[in-house]
Amino acid sequence: MPDRQAVETLILDSVKMLAEDFDLETLKQPTPELALYGEDGALDSMALVNLIADIEDALSERYALSIALADEKAMSAKNSPYRNVQSLTDAVMERLPA
Amino acid sequence: MRTIVITGTRKGIGRSLAEHYLSEGWQVAGCSRSASDLEHAHYQHFALDVSDEAAVVNMARQLKKKYTRVDALVNNAGIASMNHALLTPVSTVNRIFQTNVVGTFLFCREMAKLMRRSGSARIVNFTTVAHPLNLEGEAIYAASKAAIESLTRILARELSGLNITVNAVGPTPIETDLIRGVPAAKMQALLERQAIPRMGTVDDVVNAVDFFLREESDFITGQVIYLGGVS
Ligand SMILES: NC(=O)c1ccc[n+]([C@@H]2O[C@H](COP(=O)([O-])OP(=O)(O)OC[C@H]3O[C@@H](n4cnc5c(N)ncnc54)[C@H](OP(=O)(O)O)[C@@H]3O)[C@@H](O)[C@H]2O)c1
């Protein structure tokens with residue numbers, strides 16, 4: 001099972017890959033606090049869909065984990081888990097099997 | 001080599017579609033609840049129920065490992081039940097919606113993720129003329145296909161940003177196990193409501209699917225083509 005640091009690295013890698021694919025300058029050197037989606041975020045909804053799918057894929061490939069980030073909990077959360085790398089990392093950690 | 005996923009390939013239309021695309025040089029990944037006796041160097045069969053989320057996700061993972069991406073999906077797996085509404089048990093309703101609607105949705109969702117890097121991918125769903133003709137005795141089957149048509153139109157919009165087109169083909173009756181139970185008189189009356197009153201063939205379906213899959217069809221999405229001149 002990956003620890004928090006490993007998950008954060010995985011998400012940062014996914015953001016970098018997406019930034020290359022979509023040519024998003026501001027996301028090419030991402031930090032955990034950099035806004036991704038929503039206020040000041042550089043991602044539009046299509047790019048976000050791609051990012052979530054990439055993260056789910058990477059979790060499955062590296063750790064054989066089947067995690068759905070876009071579940072009902074995420075949709076109804078007061079603070080969207082998609083704001084930045086930090087909140088995405090939290091969301092993955094919460095969904096790791098016990 | 002382009003990869004196509006076709007559901008419901010053990011028999012009927014799906015089987016013919018699998019054979020057709022194999023002969024056209026595609027890599028074909030098929031599935032059905034039972035095993036398949038289709039053997040070909042470029043065919044891989046997955047024994048699964050299309051409404052089983054874990055199984056579909058697992059199939060997508062395996063396809064990703066093996067082929068890295070998917071170029072086309074044909075959601076052919078489907079079941080029907082011809083019965084008066086007053087005589088239709090809820091278990092039948094659930095079965096039909098699970099296979100036709102949930103199955104189609106799950107495959108769209110999982111395969112679209114693998115189509116993101118195709119650059120020009122295609123999804124073709126299956127509806128039926130029973131929906132536009134409002135055929136008595138097919139309320140639940142037709143309603144499930146109406147849901148698929150709606151899914152087709154909305155996914156066409158949601159997936160256009162990923163360069164995936166989503167269309168549907170609606171066959172008239174075709175001689176397969178699906179319609180074996182329909183009485184001859186009923187079938188004749190049904191055919192007479194078509195602009196061209198004959199039974200459909202698998203080739204008619206293949207032709208429509210081919211059209212949607214063509215590279216030149218990249219500006220055609222969210223459309224439903226009914227066979228036999230039904231509208
Ligand atoms: N034939 C017609 O007159 C007609 C007319 C209009 C539309 N259609 C549509 O055309 C499509 C194909 O029909 P068909 O005539 O070829 O039917 P069919 O001969 O009964 O074949 C159905 C195929 O789907 C598979 N299947 C059924 N339920 C499944 C499930 N839950 N999970 C995975 N696979 C499943 C079956 O294999 P297993 O049993 O091994 O699972 C079989 O390979 C359907 O969507 C149908 O609604 C047919």
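Tutor: What follows is a set of questions and answers on a predicted model.

Student: How many residues of chain A are in contact with chain B, and with how many residues of chain B?

Tutor: Contact here rests on heavy atoms within 4.5 Å. On that basis the two sides of the interface are 11 residues of chain A and 9 residues of chain B.

Student: What is the area buried between chain A and chain B, and which three residues of chain A supply more than any other three?

Tutor: The area buried between the two chains is about 890 Å², and carbon and sulfur atoms give 38% of that. On the side of chain A, three residues together supply 43% of what chain A buries against chain B. They are Met46(A), Asn50(A) and Asp57(A).

Student: Which element of chain A gives the most to the side that touches chain B?

Tutor: The interface of chain A and chain B has 9 residue pairs in polar contact. In chain A, α1 (4–22) and α2 (45–63) each supply at least two residues of the side that touches chain B. With 8 residues, the element that gives the most is α2(A).

Student: By class, how many residues on that side of chain A are charged?

Tutor: The side of chain A that touches chain B has 3 nonpolar and 3 polar residues. The count of charged residues there is 5.

Student: How many salt bridges are there between chain A and chain B?

Tutor: Side chains of opposite charge can pair when their charged atoms come close. One pair between the chains is Asp54(A) with Arg117(B), at 3.5 Å from N to O. The structure holds 25 salt bridges over all chains. Between chain A and chain B the count is 7.

Student: Is Lys28(A) buried or exposed?

Tutor: Lys28(A) forms a salt bridge with Asp23(A), at 2.9 Å from N to O. Asp23(A) has 55% relative accessibility, so it counts as exposed. Lys28(A) has a relative accessible area of 18%, and the limit for that class is under 20%, so Lys28(A) is buried.

Student: Which helix holds both Arg15(B) and Glu19(B)?

Tutor: The side chains of Arg15(B) and Glu19(B) meet in a salt bridge of 2.8 Å, N to O. Arg15(B) counts as buried at 18% relative accessibility, whereas Glu19(B) is partly exposed at 36%. The two lie 4 residues apart, about one turn of the helix, and that helix is α1 (residues 12–23) of chain B.

Student: What is the relative accessibility of Asp71(B)?

Tutor: Asp71(B) meets Arg69(B) in a salt bridge of 2.7 Å, N to O. Arg69(B) is partly exposed, with a relative accessible area of 29%. Asp71(B) counts as buried, and its relative accessibility is 7%.

Student: Which residues do salt bridges with shared partners join into one network?

Tutor: The network has members in chain A and in chain B. They are Glu56(A), Glu53(B), Arg109(B), Glu110(B) and Lys113(B).

Student: What kind of pair do Tyr21(B) and Trp26(B) form?

Tutor: A search of the whole structure finds 2 aromatic pairs. Tyr21(B) and Trp26(B) are both buried. Their ring centres are 5.8 Å apart and their planes are at 75°, and planes over 60 degrees apart set the class, so the pair is edge-to-face.

Student: What kind of pair do Phe211(B) and Phe212(B) form?

Tutor: Phe211(B) is partly exposed at 30% relative accessibility, and Phe212(B) is buried at 1%. The ring centres of Phe211(B) and Phe212(B) are 5.7 Å apart, with planes at 50°.

Student: Which residue has its backbone oxygen 2.9 Å from a polar atom of the side chain of Asn76(B)?

Tutor: Asn76(B) sits in the loop between β4 (72–75) and α3 (90–115) of chain B. Asn76(B) is buried, with a relative accessible area of 11%. Residues that Asn76(B) touches include Gly8(B), Leu17(B) and Phe126(B). The backbone oxygen in question belongs to Thr7(B).

Student: What is the phi of Asp40(A)?

Tutor: Asp40(A) is in the loop between α1 and α2 of chain A. At 71% relative accessibility, Asp40(A) counts as exposed. Asp40(A) is not a glycine, yet its phi is positive, at about 65°.

Note on methods:
Residues numbered from 1 in each chain as written. Chains lettered and ligands numbered in written order. Predicted model: local features only at pLDDT ≥ 70, side-chain atom pairs only at ≥ 80, totals over all residues. Heavy atoms only, no water. Phe/Tyr/Trp six-rings, centres within 6.5 Å; stacked < 30°, edge-to-face > 60°. Buried < 20%, exposed > 50% of the residue type's maximum accessible area, 1.4 Å probe, protein only. Buried area = accessible area lost by both parts, 1.4 Å probe. Salt bridge = Lys/Arg side-chain N within 4 Å of Asp/Glu carboxyl O. Polar contact = N/O pair within 3.5 Å; in protein donor to acceptor, adjacent residues only side chain to side chain. Nonpolar A, V, L, I, M, F, W, Y, C, P; charged D, E, K, R; others polar. Lists of a residue's contacts leave out its neighbours within four places in sequence.
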